[in-house]
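Please look at the sequence and the 3D structure below before reading on.

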Amino acid sequence: MTRLTRLVAAGIGIAAVPGWMLGIAPAVKADSASAAYDAFANASAFEVSIANPSLPALPALVGGGPEADARQSSSGQGDANASTPYTGDTVPGVPGVAGALFGLPVPPFPFIASSTRGTPPVRTSYPGVELTARSDDFSTAAKAVLGSDGAGANASARVDQNSAGDVVARAVTEASNLQIGALMSLSNFRTIAETKADGFTGKITRFSSTSIGGIDVPGLVLRLPEQSPGKAPLPVPIPGVPNQEPLDLPPFPVPMGGTTLSDPKIGLREGTFTLTQPVDGKPQTFALPTQPVLDAFKAAGVTLTYQSASQLPKGISSGTYTFRYTIPAPPPNSGYNGPTDVIQSTGAASALVDFAVAGQAATTGGPGVSAGPA
């Protein structure tokens, strides 16, 4: 379970409104000044856990980051935090071990920038690290950058209340060149989670997007099937609700089906693989069947899984990608020996708004899980 999942499972301290999950009240207008709300946004660019037989005392969670969170409420709370690296709940001294996994400059201990309502903005800078936190009357925001915006990873979280009384919680993670061990690198990675509560009706709308512009695996060989599979899964993005039986579909021809590609330009969007190839001198992007790509990655040493976005009672949690791979055993030494199993989760973002106007229970706006440009 990732740190983000633990925060959501624990309720992150957002006060519940009785009856929210049981019914939807009719939309009525009210003075937005009388609305009560508590909003939270959290973003974590990556988390990693390792397991090595020679280190039995090492907890599974090693660390990750950069990470940012923001919380703002109508009662006057405005807290913003940016940190990197996140070193787990019990092991503050091991980010140097994890740093070698990412190909990014990881400092030897976590850096933190925090602000609260009534304090001046905070900016903390070190080589390869930029942390900012700001808490204003109607806006609370934090951002953590590891490397730089153009060559590294960053996480940002913010909560805003506009002049109309609308409350928006938004969390974003980005990575321009994120390393998956020595086997794979990701470029133009981005996740977004956004929840908005209407200042007059309390209606909640949700948005989520998860994409990877490019996945580079040196020497990858991908053979495209001639036609699509006859079944398609029907995932249900609601926690605790099992997936439905696969849908029977007539097979259809796959673009460039039957061909074998070397070092293909593969991307990912909302769990769907894409292939970009030149056609008549111009780049064209096609959807790819999932299983052949997963098989090609596994043959290269990486097992990839995708958790789709989840609607939460008060917001949304973005989709996340998880990469599993093994680091070969180092030469015999007095530290650790043998192969190391690694699980790296990438791009977790969550946005929640607990909102109610005077005399009215909160409303929610349908399934609300959407994908597309922010």
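## A stacked pair of rings

F111 is buried, with a relative accessible area of 8%, where buried means under 20% relative accessible area, exposed means over 50%, and partly exposed covers what lies in between, for a 1.4 Å probe and protein chains only. Y126, by contrast, is partly exposed, since its relative accessible area is 39%. This is a predicted model, in which local features need pLDDT of at least 70 and side-chain atom pairs count only at pLDDT 80 or more, while totals for chains, interfaces and linings use all residues. Residues are numbered from 1 along each chain as its sequence is written, and side-chain values use heavy atoms, with hydrogens and water left out.

Rings of Phe, Tyr and Trp (for Trp, the six-membered ring) pair if their centres lie within 6.5 Å, and the pair counts as stacked when the planes are under 30 degrees apart, as edge-to-face when they are over 60, and as tilted otherwise. By this rule there are five aromatic pairs. In one of them, the ring centres of F111 and Y126 are 3.9 Å apart and the planes meet at 20 degrees, so this pair is stacked. Because F111 belongs to strand β5 (residues 111-116) and Y126 to strand β6 (residues 122-126), the pair ties together parts that are 15 residues apart in sequence. Helices (H or I, at least four residues) and strands (E, at least two) are DSSP runs, numbered from the N terminus.

## An edge-to-face pair and a cluster

F273 and F297 form an edge-to-face pair, with 5.9 Å from centre to centre and 70 degrees between the planes. Since F273 lies in strand β19 (residues 272-279) and F297 in helix α3 (residues 290-300), this pair ties together parts that are 24 residues apart in sequence. F273 is buried, with a relative accessible area of 2%, and F297 is buried as well, at 0%. Elsewhere, F189, Y306 and Y321 form one aromatic cluster.

## The nonpolar core

A nonpolar core is a set of buried Ala, Val, Leu, Ile, Met, Phe, Trp, Tyr and Cys residues joined through side-chain atoms within 4.5 Å. The largest one has 64 residues, and those with the most contacts inside it include L186, F273 and F297. Its largest share, eight residues, comes from strand β1 (residues 36-51).

## Around S211

S211 is found in strand β13 (residues 203-216) and is buried, with a relative accessible area of 15%. Leaving out residues up to four places away in sequence, S211 touches N188, F189, R190, L268 and R269, where contact means heavy atoms within 4.5 Å.
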